Amino acid sequence: MKLTHFPFSAIVEQPQLKTALLLCAIDPTLGGVLIRGDKGTAKSTAARALPAILPTIERSVGCAFNCRPDEPCELCDACLDAARTVIAASVPFVTLPLGATEDRVLGTLDLQRALKGEARPFQPGLLASAHRGILYIDEVNLLADHLVDVLLDVAAMGVNSVQREGLSVTHPARLTLIGTMNLEEGDLRPQLLDRFGLMVEVVAPRDKTIRAEVVRRRIRYEADPVTYVALWSEQQAALLAQLSAAQKLLPTILLSDALLDLISHLCCEFEVASLRADIVMHKAARALAALEGRASVTPDDIRQAAQLVLPHRRRRKPFEQPGLDQDKLDELMQQGPLPPALESPPTDGPADGASKSQDGAADDPSNDNANDHANDKAAGETEQQPQIFSIAAAANARQLAVAEIEPHGVAIMAGRRSDAQDAAHGRIVRTVPDAQPRSLAIGATLRTAAMRNPTDFQVTSEDVQGQVRVGKTANLILFVVDASGSMAAQRRMEAVKGAVLSLLTDAYQRRDEVAVIAFGGQVAQVVLAPTRGVDLAEKSLRELATGGRTPLPHALQLTCELLQRRAQQSTSATPLLVILSDGKANVALTPAGDAWRETLDLAAQLAASGTAALVLDTEDGYLRLGRAAQLAQALGAECLTLEQLSADNLALTIRARMQ
């Protein structure tokens with residue numbers, strides 16, 4: 001049974017998000033949209049609602065590559081058939097799972113057809129299914145590096161090239177990327193981030209009236225999805241007609257040279273290095289004009305386009321929050337060159353800079369799930385009187401989102417620091433006999449079968465070969481930070497934070513996970529659960545208050561519990577324990593206990609478990625007890641003093657400990 005998604009026109013508020021999605025539908029060459037926001041902000045709901053309002057495309061019945069009927073792929077038997085039947089079909093909406101293999105994404109050898117001796121024995125992958133449509137990636141920042149590399153190649157060329165297992169296949173793969181992500185799970189690789197043409201930040205609503213309307217609409221939808229969608233059919237049809245008209249108008253939209261100069265002026269002033277920003281802003285401004293049914297671009301279109309194109313491309317310092325300075329944008333818009341005549345055509349003719357409108361995007365219910373949740377609402381909008389989406393009306397609206405609870409499992413992280421043997425992904429180093437391989441070596445299997453009995457070719461379990469891969473795995477860096485009164489000295493804490501900042505930068509570059517445990521007063525607590533959001537770790541350390549006694553045994557006990565839970569969850573992140581303390585424990589686990597003896601016992605327990613560790617001794621002054629050095633000895637760890645805490649020294653030490 002086909003799943004019925006929440007109607008796009010019923011989404012409450014969310015003007016910038018809806019604008020970005022509609023622009024990508026009008027001009028697929030924009031490069032897609034990245035939707036960033038907290039959990040429960042309707043990111044997935046909006047993306048999955050888009051296909052229902054997109055104009056249909058023409059395709060041949062049985063085509064596995066979504067070819068244009070007038071441009072058939074040489075691999076597509078259905079399109080090359082002279083008796084083919086062409087139909088109007090929904091635009092593809094394909095979900096890329098985080099755990100997908102390269103074979104599933106790129107395509108692979110069709111073993112059955114190969115054994116039958118058929119020509120072109122290629123089994124298309126997800127990229128072929130998404131051609132002329134949308135490729136949707138939930139939690140795109142958690143996507144494995146080997147799949148990111150694949151997407152970068154396809155996004156750059158619009159072509160999928162498969163060179164593996166004796167295959168040499170190329171087919172078109174022009175698609176629109178839509179990705180959602182939560183910054184708590186870490187940022188996106190800069191190369192892939194730049195490939196997303198537009199970016200939107202979404203937040204949950206703070207207005208109780210809006211939140212109530214979100215809940216009201218969601219409950220009605222879940223009670224009877226079919227009836228609820230039918231209620232919004234008129235508004236959905238109006239949006240579809242608006243998009244269809246905009247796609248036809250797009251090639252005729254004019255953008256003057258003066259406005260092009262303004263685009264370049266904004267990119268330079270916001271220190272955007274990528275020229276892709278200028279190109280995408282040019283296309284987005286024209287798509288905005290087409291959506292409003294205008295013949296030419298206005299300065300307001302440029303401003304709206306800048307808010308979607310520049311925030312994720314401007315040069316940022318480490319741990320600086322993303323975003324765009326609105327006051328600076330307003331000032332630059334006033335300073336920038338204004339066109340003397342907006343209606344006059346460009347010097348190179350009406351078609352200068354025009355982008356040919358392509359087919360849009362649609363839903364693949366087999367790749368969907370039941371986690372769709374609902375959205376936000378514009379002030380004054382009622383369910384009985386919804387209106388056609390208007391850029392002019394949306395420009396001044398607040399950007400609010402929905403509360404949506406998304407289930408999150410523990411992801412197995414790929415990284416760039418430690419070597420991982422027998423990795424699920426990575427480069428293939430050899431093949432070995434394996435009746436039940438994790439990754440089947442098709443070519444080696446066929447060769448083994450052929451060599452065993454060339455006259456009577458049959459593949460048996462004895463012939464099956466598995467691939468042995470070597471890749472990189474992420475690390476979990478667990479900071480255990482002394483927040484007791486002995487750390488209250490400003491110079492001491494600042495020296496530690498300065499050195500740790502360099503370590504966090506290194507962790508970000510190597511896609512490590514980080515977590516923070518702080519101890520002070522009578523207890524220890526996890527102030528940041530394991531995450532790839534190293535900016536959150538930096539913030540938690542920067543805002544850490546100090547004072548009270550030193551419950552070091554409590555911190556080490558909590559460390560043992562956290563690492564044990566991680567081990568039970570079977571994550572691939574190798575842990576590294578970084579303790580920042582002077583070691584002067586004075587709060588025992590039991591009333592009559594010895595705090596220092598408990599500390600050494602727990603340290604020995606961590607050492608026995610094989611946990612790599614590093615102790616940063618924060619003790620200073622003429623007389624020193626050397627407790628941190630003793631703690632490091634019990635852990636089997638290296639100990640660095642405040643005098644040794646330099647950025648380069650710390651980063652090199654960490655890299656050595658993680659080998």
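1. A contact here means heavy atoms within 4.5 Å. Among contacts in the protein chain between residues at least 6 apart in sequence, 81% connect residues at least 24 apart.

2. This is a predicted model, in which local features need pLDDT of at least 70 and side-chain atom pairs count only at pLDDT 80 or more, while totals for chains, interfaces and linings use all residues. Residues are numbered from 1 along each chain as its sequence is written, and side-chain values use heavy atoms, with hydrogens and water left out.

3. The protein chain contains 23 helices and 20 strands, where helices (H or I, at least four residues) and strands (E, at least two) are DSSP runs numbered from the N terminus.

4. Of the 659 residues in the protein chain, 53% are buried, a term that stands for under 20% relative accessible area, with exposed over 50% and partly exposed in between (1.4 Å probe, protein chains only). The chain exposes about 28,900 Å², of which carbon and sulfur atoms supply 52%, the areas coming from the Shrake-Rupley method with a 1.4 Å probe.

5. Helix H1, spanning residues 15–26, has 12 residues and reaches 16 Å from its first C-alpha to its last, close to the 16 Å expected, that expected span being 1.5 Å times one less than the number of residues. H1 is mostly covered, with 12 of its 12 residues buried, among them Pro-15, Lys-18, Cys-24 and Ile-26.

6. Strands E16 (residues 513–520) and E17 (residues 523–531) pair in the antiparallel sense over six bridges, pairing requiring at least two bridges found by DSSP. Gly-520 has Val-523 of E17 as its bridge partner, and in the two-residue turn of this hairpin Gly-521 has a positive phi of about 75°.
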